[in-house]
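Here is a short briefing on a nonpolar core and a ligand site. Please look over the sequence and the model before reading on.

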Amino acid sequence: MQAFILLGAPGSGKGTVSAGLTKVSDLLHVSTGDMLRAALKAGTPVGLGAKKFIENGELVPDEVIIRLVEDHLDKVGEARFLFDGFPRTDVQAQMFDEALAKRDAAVNHVFLLDVPESVLVDRLSGRRICRSCGAVFHVRNIPPKVDGVCDHCGGELYQRPDDDGETVRNRLSVYRSQTQSLIDYYDQRGVLICVNATDRADTEQTILDAL
Ligand code: AMP
C-alpha cells in the first residue's frame with residue numbers, strides 16, 4: 001500500500017488535479033468530502049451526523065473521518081491511494097500514520113498545492129457542478145455553452161451550498177487555522193513537496209514526475 005496526499009486550500013484544485021492524475025496513472029483517488037457528500041445523499045448515520053458541519057463549512061469530527069478512511073482502506077486493500085482533503089488536522093495526521101503503520105505502510109509524499117488567496121475565492125464562488133455527472137464548470141473561467149446546463153450530459157448545474165461567499169471565507173479561515181501545522185508536520189518528516197498550482201497541467205506533471 002502506498003499513500004500520497006494532496007494538501008491545499010479549498011479551491012486549490014485538489015479535486016481537478018486528482019481526476020487528471022487518476023486518468024494517467026494507477027492512483028486511486030480518495031476524497032473524504034466526496035465520501036461525506038455521498039453518505040449524506042444516501043442518508044446514512046455518518047452522513048446525517050456530518051450534515052451540520054458540512055453546511056457551516058466546519059470540520060467533521062476526527063473520529064468520524066478516520067473511521068471512514070480506515071473502512072475504505074480495508075475495503076480496497078493493496079493500492080496506491082491519492083488522498084484529497086484528508087488529513088485536515090494534526091490529530092487526523094497522527095491517526096492516519098498509525099492506521100498506515102498497522103498496514104505496513106507510511107505516507108510516501110505530500111503535495112502542497114500553492115495558490116494565491118484571491119484566486120481561491122474567485123474559483124470557489126464561481127464554481128458550478130453538474131447534479132447528474134459531477135462535471136465542474138466556472139461561471140467565467142469554464143462557462144457551460146448554455147447557462148445552468150451541463151455540456152456533457154445536459155444535467156442541471158448547481159452551486160455547492162458551501163461555495164457561497166460567506167461559507168467560502170469561513171472554509172478558508174478554517175483551512176488556515178488548522179492546516180498550517182499539518183504542513184509543518186509533513187515538512188519535518190521530509191515528505192512535503194510544494195507545487196505552484198496556478199496552472200493545472202503543470203501541477204499534474206510536477207506530481208507525476210515525483211511519484
Ligand atoms: P471538501 O469537498 O474536501 O471541501 O469537503 C467539504 C466538507 O466536508 C468540509 O468543509 C468539511 O465539512 C467536510 N470534510 C471533508 N474532509 C474532511 C476532513 N478530512 N476532516 C474534517 N472534515 C472534512
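**Core and ligand shell**

F83 touches A3, F4, I5, L6, V30, V69, L73 and F96, leaving aside residues up to four places away in sequence; contact means heavy atoms within 4.5 Å. This is a predicted model: local features need pLDDT of at least 70, side-chain atom pairs count only at pLDDT 80 or more, and totals for chains, interfaces and linings use all residues. Residues are numbered from 1 along each chain as its sequence is written, and side-chain values use heavy atoms, without hydrogens and water.

**Nonpolar cores**

- A nonpolar core is a set of buried Ala, Val, Leu, Ile, Met, Phe, Trp, Tyr and Cys residues joined through side-chain atoms within 4.5 Å; buried means under 20% relative accessible area (1.4 Å probe, protein chains only).
- The largest such core has 50 residues, and F83, F96 and Y186 touch the most other members.
- Helix 7 (residues 165-188) gives this core its largest share, 7 residues; helices are DSSP runs of H or I, at least four residues, numbered from the N terminus.
- Another core, of 5 residues, lies apart from it and includes C130, A135, F137 and L157.

**Ligand shell**

- A side-chain N or O atom of R37 is 3.0 Å from a ligand oxygen atom.
- For R160, the distance from a side-chain N or O atom to a ligand oxygen atom is 3.4 Å.
- For R171, a polar side-chain atom lies 3.3 Å from a ligand oxygen atom.

Key:
Helix = DSSP H or I, 4+ residues; strand = E, 2+ residues; numbered from the N terminus. Polar contact = N/O pair within 3.5 Å; in protein donor to acceptor, adjacent residues only side chain to side chain.
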